[in-house]
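Good morning, and thank you for making time for this presentation. I would ask you to keep the structure in view while I speak.

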Amino acid sequence: MKSASLQQQVTAMLATANIKVNGPDPWDLQVHDDRFYKRVLSQGSLGLGEAYMDGWWDCTRIDEFVNKVMRADLYRRTRFGWRTVLEVLLAKALNLQARGRAARNAQRHYDIGNGLYQRMLDKRLVYSCAYWKEADNLDQAQEHKLDLVCRKLRLQPGQRVLDIGCGWGSFARYAAERYGVEVVGVTVSREQAALARELCKGLPIEIRLQDYRDVREQFDHVVSIGMAEHVGLRNHRTYMQTAARCLKDDGLFLLHTIGVNFSKTAPDLFIDRYIFPNCLIPSLRQLTGAMEHIFVVEDLHNFGPDYDRTLMAWHHNFIQHWPALQGEYGERFYRMWNYYLLSSAGSFRARNNQLWQFVLSKKGIPGGYEAVR
């Protein structure tokens with residue numbers, strides 16, 4: 001098909017979302033290479049992201065561009081090439097988060113350098129959605145989130161807590177310092193584990209380089225913040241069974257995860273290839289199906305719009321500190337990371353993605369659970 005015809009198709013499609021090609025608004029696309037049109041029509045979101053990385057187009061407000069595209073449901077209108085179809089089929093056929101693969105997946109994102117995350121995140125290194133209620137900045141909002149988790153779990157001094165997917169130990173440190181609990185944190189990222197151990201020195205915290213499926217002890221409570229997205233569809237049931245096995249009968253499990261509005265079996269292909277390999281954002285149906293006969297849902301809290309603001313704060317920090325990172329990562333990484341952060345913010349702004357906190361019990365709390373906000 002001729003380039004002019006392809007351009008007309010893309011231009012007409014974007015017009016339904018009030019987006020212009022080479023237009024004057026900050027969410028309009030500025031196309032530098034006519035190959036862009038064929039790539040987007042044939043490869044969808046993967047082609048769009050890769051074309052941006054290659055410098056084929058620019059946009060002043062990628063976050064607003066993605067918000068408009070998603071609100072207009074344009075992602076569902078694009079065709080996909082054979083490579084995209086193959087990757088979707090493989091995601092359905094294979095357990096992409098089996099033990100060996102899970103560690104390799106984590107290393108491709110979390111082991112790319114602690115310095116990047118130390119510059120981009122808040123002072124406690126929380127790499128999950130902040131809670132902006134009554135918060136003026138990212139540091140406050142992340143502390144509010146950590147405190148919200150502690151209050152939802154009803155933590156008491158001397159209790160022992162398992163943190164599945166502990167990251168750099170942000171929850172563990174906060175809970176130990178403010179609530180006097182002992183924490184065992186598990187991660188499969190060597191870089192995270194090394195820095196977490198350093199940051200948690202002197203506190204009753206043990207950081208393990210361990211797959212969550214191998215934990216066999218029991219704890220007063222279990223928490224998992226930003227981990228369920230990496231579990232994989234074939235492992236949701238095992239994830240819930242593991243949490244239940246490690247939880248005392250009268251304990252609580254707090255599950256904090258990004259969620260999507262409809263069930264998928266394969267991830268967004270740009271995010272899968274360049275950001276979070278083999279990551280699958282779960283739906284309510286997938287999560288609650290995996291909980292059946294294991295947990296009682298005591299509380300479900302959605303504060304997805306807070307992730308938009310969190311991602312924009314991370315983007316601000318990333319841009320501000322880029323001069324110190326540029327020599328290590330280079331221009332292509334800059335465009336990739338810029339696109340990742342801003343397109344993710346746009347997705348939450350469009351309410352395409354949610355942020356859920358579940359409070360789960362094994363047998364139900366007699367008299368019920370009083371929700372904490």
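Some conventions come first. This is a predicted model, in which local features need pLDDT of at least 70 and side-chain atom pairs count only at pLDDT 80 or more, while totals for chains, interfaces and linings use all residues. Residues are numbered from 1 along each chain as its sequence is written, and side-chain values use heavy atoms, with hydrogens and water left out.

Let me begin with the domains. The protein is divided into domain 1, residues 6-90, and domain 2, residues 99-361; these bounds come from an automatic or database domain assignment. The C-alpha centres of domain 1 and domain 2 are 29 Å apart. Across the boundary, 25 residues of domain 1 are in contact with 23 residues of domain 2, where contact means heavy atoms within 4.5 Å. Between domain 1 and domain 2 the buried area is about 2200 Å², and carbon and sulfur atoms give 57% of that area. Buried area here is the accessible area, taken with a 1.4 Å probe, that two parts lose on being put together, summed over both. Tyr52, Met53 and Asp63 supply 30% of what domain 1 buries against domain 2, more than any other three residues.

Buried means under 20% relative accessible area, exposed means over 50%, and partly exposed is in between, with a 1.4 Å probe and protein chains only. Helices (H or I, at least four residues) and strands (E, at least two) are DSSP runs, numbered from the N terminus.

Next, helix α3, residues 62-71. Eight of its ten residues are buried, so α3 is largely enclosed by the rest of the structure. Among the elements covering those buried residues are α1 (3-15), α2 (35-53), β2 (57-58) and α13. After α3 comes aspartate 73, whose phi is positive, near 65°.

Strand β9, residues 353-361, also deserves attention, as nine of its nine residues are buried. Both of its faces are covered: one side carries Asn353, Leu355, Gln357, Val359 and Ser361, and the other carries Gln354, Trp356, Phe358 and Leu360. β9 pairs in the antiparallel sense with β7 (residues 247-260) over nine bridges, and in the antiparallel sense with β8 (residues 296-302) over six bridges. Two strands are said to pair if DSSP finds at least two bridges between them. Within these pairings, isoleucine 258 stands opposite leucine 355, and histidine 301 stands opposite glutamine 357.

Finally, the salt bridges. Side chains of opposite charge can pair when their charged atoms come close. The structure holds 22 salt bridges, each being a side-chain nitrogen of Lys or Arg within 4 Å of a carboxyl oxygen of Asp or Glu. Five salt bridges are counted between domain 1 and domain 2. Aspartate 58 forms a salt bridge with arginine 335, with the closest N and O atoms 2.9 Å apart.

Which residues pair with aspartate 63 in salt bridges? Arginine 61 is one partner, with the closest N and O atoms 2.7 Å apart, and arginine 349 is another, at 2.9 Å from N to O. Aspartate 63 lies in helix α3 and arginine 349 in helix α13, so this pair ties together parts that are 286 residues apart in sequence. Aspartate 63 is buried, at 1% relative accessibility, whereas arginine 61 is partly exposed at 34% and arginine 349 is partly exposed at 23%.

One further pair is glutamate 217 with arginine 208, whose closest N and O atoms are 2.8 Å apart. Salt bridges that share partners also join Arg39, Glu50, Asp54, Arg273 and Arg332 into one network.
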